[in-house]
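Me: I would like to learn how to read the surface features of a model, one at a time. Could we go through them together?

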Amino acid sequence: MFNIKNTIFLNLTQRQKAMLLSFLKSFVKKNQTLCVYDIIDKFIEDENYYFQMNNPHFEFVIPLFEDEDFIKDLKTFINEVLYELKQKEAMKPLIEKQKAYQKEQRKRANDFKLSKLKPTKKQLFYYEKITKAHGLQMKDTKEATRLELRNWIMEIIDGGENSNEEE
């Protein structure tokens, strides 16, 4: 994409080019079900409509619609954006797997950190209250870690929810 950006719309200023390319990228994403020529026609039609309403997005491109080089550059850029979108869609399963793996790694790192820390007073108080509320025997919390206490609390909560569902 970087090389293509440097070779198209050479008659525009950097600012005009950046604005146009940014708009075109989002425009193509919205209309990616259309073919390249339909996207170009729709873009030209929209810009002419806004120009007639005295509210154009890009007043500087209106005279360029008659230029073959401009249309060729437009087609090149739209093709590139559509190609990128297809590539992104093809990579989606891999990206989802990576996200799931990273989430698992963060969970493991957090569990490791919690396994080294002593429980907080709030956690001990909550564990005491929840065991009394469920009528369970409290386990020894003197040597327990935050991770163990969290797991014990979750067992009680999950066990309480399961027994309520059975009723």
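Me: Is lysine 99 buried, partly exposed or exposed?

Reply: Buried means under 20% relative accessible area, exposed over 50%, and partly exposed in between (1.4 Å probe, protein chains only). Lysine 99 has a relative accessible area of 49%, so this residue is partly exposed. Please keep in mind that this is a predicted model, in which local features need pLDDT of at least 70 and side-chain atom pairs count only at pLDDT 80 or more, while totals for chains, interfaces and linings use all residues. Residues are numbered from 1 along each chain as its sequence is written, and side-chain values use heavy atoms, with hydrogens and water left out.

Me: Where does lysine 99 lie?

Reply: Helices are DSSP runs (H or I, at least four residues), numbered from the N terminus. Lysine 99 lies in helix H4, which spans residues 68–116.

Me: Which residues make the nonpolar surface patch?

Reply: Nonpolar side chains (Val, Leu, Ile, Met, Phe, Trp, Tyr) are joined within 5 Å. In this chain, Tyr49, Tyr50 and Met53 make a patch of about 310 Å²; tyrosine 50, placed in helix H3 (residues 36–52), is partly exposed at 31%.

Terms used:
Helix = DSSP H or I, 4+ residues; strand = E, 2+ residues; numbered from the N terminus. Patch = residues over 30% accessible without salt bridge, like charges linked within 9 Å, V, L, I, M, F, W, Y side chains within 5 Å. Areas by Shrake-Rupley, 256 points an atom, 1.4 Å probe, with all protein chains shown as cover. Salt bridge = Lys/Arg side-chain N within 4 Å of Asp/Glu carboxyl O.
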